[in-house]
Amino acid sequence: MRKNIVAGNWKMNCDLPQTRSLIIDLKKGLEKGFNCELMIAPSHPFLYQAFNSTSDTIIEVVAQNVCEAQKGAYTGEVSVDMLDSVGIKTIIIGHSERRDIYGETDELLAAKTKTALEKGMRVIFCCGEHLEQRQAGKHFETVTQQIEKGLFGFTTEQMERVIVAYEPVWAIGTGETASPEQAQEMHAHLRSFIASKFGEETANNTSILYGGSVKPSNAAEIFAKPDVDGGLVGGASLDAQSFLDIA
Ligand code: PEP
C-alpha cells in the first residue's frame, strides 16, 4: 500500500549526545499524531541507541548505507545482517552524496539494493539529476536510467518494498527547491516508468518521496501534489520542530 512518509537523513551530523537530544526533542512533539510514517536516519554508530530509544514510538530508525557484500574482509563497511541485528528494517541507498563523493555506480547500487531486499528490508532508493543535466533537458533520461539500472532487476514482490526518493542534486542542501510542478512532473514520470516494468498496481503502491531543501515553509505545497508521497529531508531534519512541522 502506498504510504505517506517523511524521512530525516541526518547524514554525518550528530554525535551521541546530539543524537540523544534530537530524539528526546522529537519524542516530545509526537503527541499530536501524524498521518504519515516518520523515519530518521542517524549515523551507523548510533543506530542501536536510536532504535532502542524510539521503539515505543511511531519513529522508525533507518540506515544511511549498507555494504553490498554479506560479511568478511570489507574494512569499514557495515553489513545488512549487522543492521538487521540492531533492529533496522529500512536502508537508504543511492543518495547523490554516495554516488558523487564515493563514486557508487548504478551497478554497485543495484547490488546493495539486492542485498537489502533479499534480507527482507525496505529500501529508500534515491535518484536525481545534476543541474547541467536538467539544463540540457536530460533530467528524465538521467533519472530513468538510474531507476532502470538500480531497480529493474528485481521481482514485483521485491519492488513492493522499494520507496523511491527523487532528489534533484541541484536542490540538495542548496536552499533551491524544485517547484511543486517540477516535482510532480518527475514523480508522475517515475510512476509511469515503474508501471512499464512492474505494472500499474505496483507503481500505484510505490511511495515516491521528494528531497531537496524541503522546509516547513514549502513542504505542504510540494506534498500536496498527487504523485508526491512525502519527503526525504536533510538539513531541516536536524531540528526537531522543523522536521515535525514538515511531517
Ligand atoms: C538530502 O540530502 O537527502 C536532502 C534532501 O538534503 P536537504 O534537505 O538538506 O536538501
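**Pockets and aromatic rings**

Guide: Helix H4 (residues 96-101) contributes the most to the lining of the largest pocket, giving three residues; helices here are DSSP runs of H or I with at least four residues, numbered from the N terminus. This is a predicted model, in which local features need pLDDT of at least 70, side-chain atom pairs count only at pLDDT 80 or more, and totals for chains, interfaces and linings use all residues. Residues are numbered from 1 along each chain as its sequence is written, and side-chain values use heavy atoms, with hydrogens and water left out.

Visitor: Okay, which residues lie nearest the centre of that largest pocket?

Guide: Met12, Gln64, Asn65, Arg98 and Tyr102 do, out of 19 residues that line the largest pocket. A pocket is an open set of points on a 1 Å grid over the protein atoms alone, where a 1.4 Å probe fits, with protein on both sides within 12 Å along at least five of seven lines, and lining residues have an atom within 4 Å of a point.

Visitor: Switching topic, how many aromatic pairs does the structure hold?

Guide: The structure holds three aromatic pairs, where rings of Phe, Tyr and Trp (its six-membered ring) pair if their centres lie within 6.5 Å, and planes under 30 degrees apart count as stacked, over 60 as edge-to-face and the rest as tilted. One of them is the edge-to-face pair of Phe152 and Phe198, at 5.5 Å centre to centre with 90 degrees between the planes.

Visitor: And are Phe152 and Phe198 buried or exposed?

Guide: Both Phe152 and Phe198 are buried, meaning under 20% relative accessible area, with exposed being over 50% and partly exposed in between (1.4 Å probe, protein chains only).

Notes: Helix = DSSP H or I, 4+ residues; strand = E, 2+ residues; numbered from the N terminus.
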